[in-house]
Amino acid sequence: MKTEPLVLGIETSCDETGVGIVRGHTLLADEIASSVDEHARYGGVVPEVASRAHFEAMVPTMQRALDKAGVTLSDVDAIAVTAGPGLAGALLVGVAAAKAYALAAGKPIYGVNHLAAHVAVDTLEHGALPEPAIALLVSGGHSSLLRVDDLAAGVTPLGATIDDAAGEAFDKVARLLGLPFPGGPPIDKAAREGQIAIPFPRGLTGPRDQAEHRFDFSFSGLKTAVARWVEARERGGEPVPVNDVAASFQEAVCDVLTAKAIDACVTNGIDTLVIGGGVAANSRIRSMAQERAEKHGITVRVPRPKLCTDNGAMVAALGSHLVAAGAAPGRLGLPSDSAMPITLVTA
């Protein structure tokens, strides 16, 4: 019986330095060094700070992952690294490190797409991914609906955000409400204590949007609506009900995301929905997606919260899938691409 590939993954697309090691669909190590606290005082990720943090964290994070998995670099069959999309400087650190490790150990290297990796990580939780499947990816930089027919060959984009991504909207609304950065977890927590009492708008859901933007997202108008509502309360000398605003805002975001995802499944005749990305850790999107999916006989697969955020395990999972599928490795001079399109799974 052929042994499943042992693959090491490196992730540095934003503010998390991640190193993961998997064998097939089995997670052996998932080590992360986050620089989020350094960015919190700025209210957002600072690219130069992130790049420096990756540089300083790479070697110790790598060693922790190898120790946790009980393997050495010479034991791995391949090295996978996020080649894009992401912050240009941050990606360069990860790709340069992967090239150095691959050259030193004589291992093949795979430069992979960050978004496709968010889909692949689900296999570590639930096993092989049924194909075709619909994937809803929601994070600080991306909100996308994808059709996944063959993850090793590529995916088909069905829709994406035309302005702010969902995670970006969470961060900006959290700042408006005086909640910490990143905004997703504190808004989720505040929403549990609030009432859905404010009718915030649902972008790109009107009848005229069905033809051109049926599976696209827009959260800029929602963010503005929240800001104007809060400003009106403050001008009138009234207290801002933070928990209610958080609950109403969160409901608007999750309503749009899940409705369009279920619509994509039904329209394409696909009964598996995978949800990934940092916003997939939100408790309301998980429960709402499950409730709506059950009515249509759709299976929802969402990784545990730790695997939803950026990590090396997801990169290793995609690398393992590519190795198992017989995909050709990349050249040692493979580039990083901050705008890498989702249609490319490998660089």
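So, let's start with a hairpin: β7 and β8 form one, with three residues between them. Helices and strands here are DSSP runs, numbered from the N terminus (H or I, at least four residues, for a helix; E, at least two, for a strand). Before I go on, this is a predicted model, so local features need pLDDT of at least 70 and side-chain atom pairs count only at pLDDT 80 or more, while totals for chains, interfaces and linings use all residues. Residues are numbered from 1 along each chain as its sequence is written, and side-chain values use heavy atoms, with hydrogens and water left out.

β7 and β8 run antiparallel and are joined by five bridges. Two strands count as paired if DSSP finds at least two bridges between them. Strand β6 (residues 133–138) and strand β7 (residues 143–150) pair in the antiparallel sense over six bridges, and A133 stands opposite V148 in β7.

Now the helices. For contact, think heavy atoms within 4.5 Å. For the angles, axes are lines fitted to C-alpha atoms, for helices over the stretch in contact, and the range is 0 to 180 degrees between N-to-C directions.

α10 has a helix partner as well. Helix α6 (residues 166–176) and helix α10 (residues 242–268) pack at an angle of about 175 degrees, with axes 11 Å apart. That makes α6 roughly antiparallel to α10; under 35 degrees would be roughly parallel, over 145 is roughly antiparallel, 65 to 115 roughly perpendicular, and the rest oblique. Who touches whom? On the α6 side we have A166, A169, F170 and V173, and they meet F249, Q250, V253 and L257 in α10. By class, this contact has seven nonpolar residues, one polar and no charged ones. Nonpolar here covers Ala, Val, Leu, Ile, Met, Phe, Trp, Tyr, Cys and Pro; charged is Asp, Glu, Lys and Arg; the others, Gly among them, are polar.

Staying with α6, the buried residues are A166, G167, A169, F170, D171, V173 and A174. Buried means under 20% relative accessible area, exposed over 50%, and partly exposed in between, with a 1.4 Å probe and protein chains only. Those buried α6 residues pack against β6, β7, α7 (184–191), α9 (220–235) and α10. After α6 comes G178, with a positive phi near 75 degrees.

Leaving aside neighbours within four places in sequence, C254 is in contact with N282, R284, I285, M288 and R292. For contrast, take K189 in helix α7: at 60% relative accessibility, K189 counts as exposed. K189 and N243 are 54 residues apart in sequence and 8.6 Å apart in space, C-alpha to C-alpha.

A few backbone details to flag. There is a cis peptide bond between E131 and P132, with omega about 10 degrees, and P132 is in the loop between α5 (123–126) and β6. Another cis peptide bond joins F181 and P182, with omega about -5 degrees; P182 is in the loop between α6 and α7. Then there's L204, which is not a glycine but has a positive phi of about 55 degrees. L204 is in the loop between α7 and α8 (209–213), and is buried, with a relative accessible area of 14%.

Last stop, α3. Its buried residues include A90, L91, V93 and G94, and the buried residues of α3 pack against β1 (6–11), α2 (47–69), β4 (78–84) and β5 (109–113). Just after α3, G106 takes a positive phi of about 65 degrees.
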